Amino acid sequence: MSQQEQLVIAPVKASEQMEFTAADAVVKELVRAGLEVAFGIVSIHNMPIYDAILRDGSIHLVCSRGESGAANMADGYARATGKLGVVITSTGTGAGNAAGSLIESWAAGVPVLHLTGEVASPYLGTGRGYIHECKDQLSIMEGSCKKAMRLRRPEQAAAVIRQAIKEAAAAPSGPVSVEIPIDFQSAIIPDYSLEEVNVSVQENSTIAYLPKEAITKISQARRPVIWAGGGVISSGASKELQELAERIGAAVITSQSGKGSIPEDHPQCIGHFASFELTKDLVKKSDLLISIGVRFRGNETSNWKIEVPENHISIDADLQAMNRNYAAAIGLAGDAKLILRKVNEELAKESLSPSEDYLEEVLSVRKELRLQLRATLGPYEKMADDMRKLLPRDTVLVRDVTVQANVWGSRLFEIYQPRTSIHASGGGIGQGLPTAIGAQMGCKDRQVVLLAGDGGFMVNVGEMATAVQESLPIIVILFDDAGYGVLRNIQEAAYGRQVAVDLVSPDFVLLAQSMGFASAKIGSPEEFASELEKAMDRRKPSMIVVDMEAVGPMAKPFGGPPGAAEAFKPKKL
């Protein structure tokens, strides 16, 4: 019997367990929500839930090698599919291990449900040393997530899980943690019908009213700029965004999270270049900014030094996003898809004629930004071009925090569709591999590629075994410079010296092969293209190790985000 055959989960006959438990109620709600895949590690503090999943038989369990990786996998799955990501961990240390990855989900606004055990209910808060006990697990989860909840009566399991799922998806979406004491999980409870009586929202729903002032400002603008964020993608508003941009002749800037909200080969797409001087100047000279689901993160706005016009229309589902970083003349709170659809309907009644001169200027800025960046890449320019030429248009590109991902992976590798670009919104290294595994689990028929550096990759290196166990055709492109390249460059620029950034790299080719990956090291752009084609053809876990010393340096060292070095120099506050 093969390893894969041994891992097949078959449903257990109902006669083998007649009693209905809180764990069954949890699984019943997950199945009701359409869950097909869950990630995690089995433990003495979640075994009843795992057994209930086994008996149900409809949810595929992915066994990670660490809780942090499992949470990243659920995150990547949710980002790539638009579905709920679910991670199941143990109590105390297990839940704590997941906390950092849940913070990433919170930073990116990803709907993730975290199910964790708790000590038996009589021992909660007693400090008596019950195994896996944590002093205040709920507070840890509250600080890491959008919301944290505790099941306080076994009979309420279905209601609590349903509420948590709804909370994770509600704007602003994010991770929700539910802790369930271990004695509650196996508690026998009634299996009752829980039905919500609501008026359903139809797919063709429309907004009845928009302020006339907003339509007037948009129709009169001659130099409009649209700043598209992750809210465009989460609301499924890409079609409406592109229609608006073309109708009014707007330049479209995307945040990292907004990449793919408009095809990046569109002539009006500036892309993820907001912090570049040419883009700053374009925004400064604009007469209207329409921001859609944008957080205006510090690292994407040169710590909010970008000047935006007074005519700023902010569209966001999160009321608290209004005026958080940039003042808005008009705030439109609600679903971006519905709002943009209504805006387009109203503008269709107007006689609009986008400025041809402005559109030519936008195209010129778009081209010049890319030429400027290309001039810094040296030998990596050909690698970037070969990746885009060889990989399918719907490839899901996952980027860990590394020099190559920061410089060109997030800008020159064009993204054409929503949910095909995934990055670490919170900036934490090492989350790329498990996130890519989750994305590949959700997109079995597509190619998932990870860009990673050696330093970050080692954080969750054990999850390579998870990729092999699931037979995932993931391709890892590992840039090996034996250290933390981004920090090296920032330190050198800020202090003229470096500390704690040099690392001993293992033989990554042998490491990957020992895990079950096909692997090869390359020392030139030509070798890279050849190995990438081989990896695509074999459709099994593959790694290409880029020997950066052999390939050679970039034409211009990457000194971190604009202003990073200056921020770390001694100064008076």
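**Exercise 1.** Find which residue forms a salt bridge with Glu196, and describe where the two partners lie.

*Solution.* In this predicted model, local features need pLDDT of at least 70, side-chain atom pairs count only at pLDDT 80 or more, and totals for chains, interfaces and linings use all residues. Residues are numbered from 1 along each chain as its sequence is written, and side-chain values use heavy atoms, with hydrogens and water left out.

Step 1: Glu196 pairs with Lys166, their closest N and O atoms being 2.7 Å apart; a salt bridge here is a side-chain nitrogen of Lys or Arg within 4 Å of a carboxyl oxygen of Asp or Glu.

Step 2: Glu196 sits in the loop between helix H8 (182-185) and helix H9 (212-220), whereas Lys166 belongs to helix H7 (residues 157-169), 30 residues apart. Helices (H or I, at least four residues) and strands (E, at least two) are DSSP runs, numbered from the N terminus.

**Exercise 2.** Decide whether Glu240 and Lys337, which form a salt bridge, are buried or exposed.

*Solution.* Step 1: the closest N and O atoms of Glu240 and Lys337 are 3.1 Å apart.

Step 2: Glu240 lies in helix H11 (residues 238-248) and Lys337 in helix H13 (residues 336-347), so the pair ties together parts that are 97 residues apart in sequence.

Step 3: buried means under 20% relative accessible area, exposed over 50%, and partly exposed in between (1.4 Å probe, protein chains only). Glu240, with a relative accessible area of 7%, is buried, and Lys337, with 16%, is buried.
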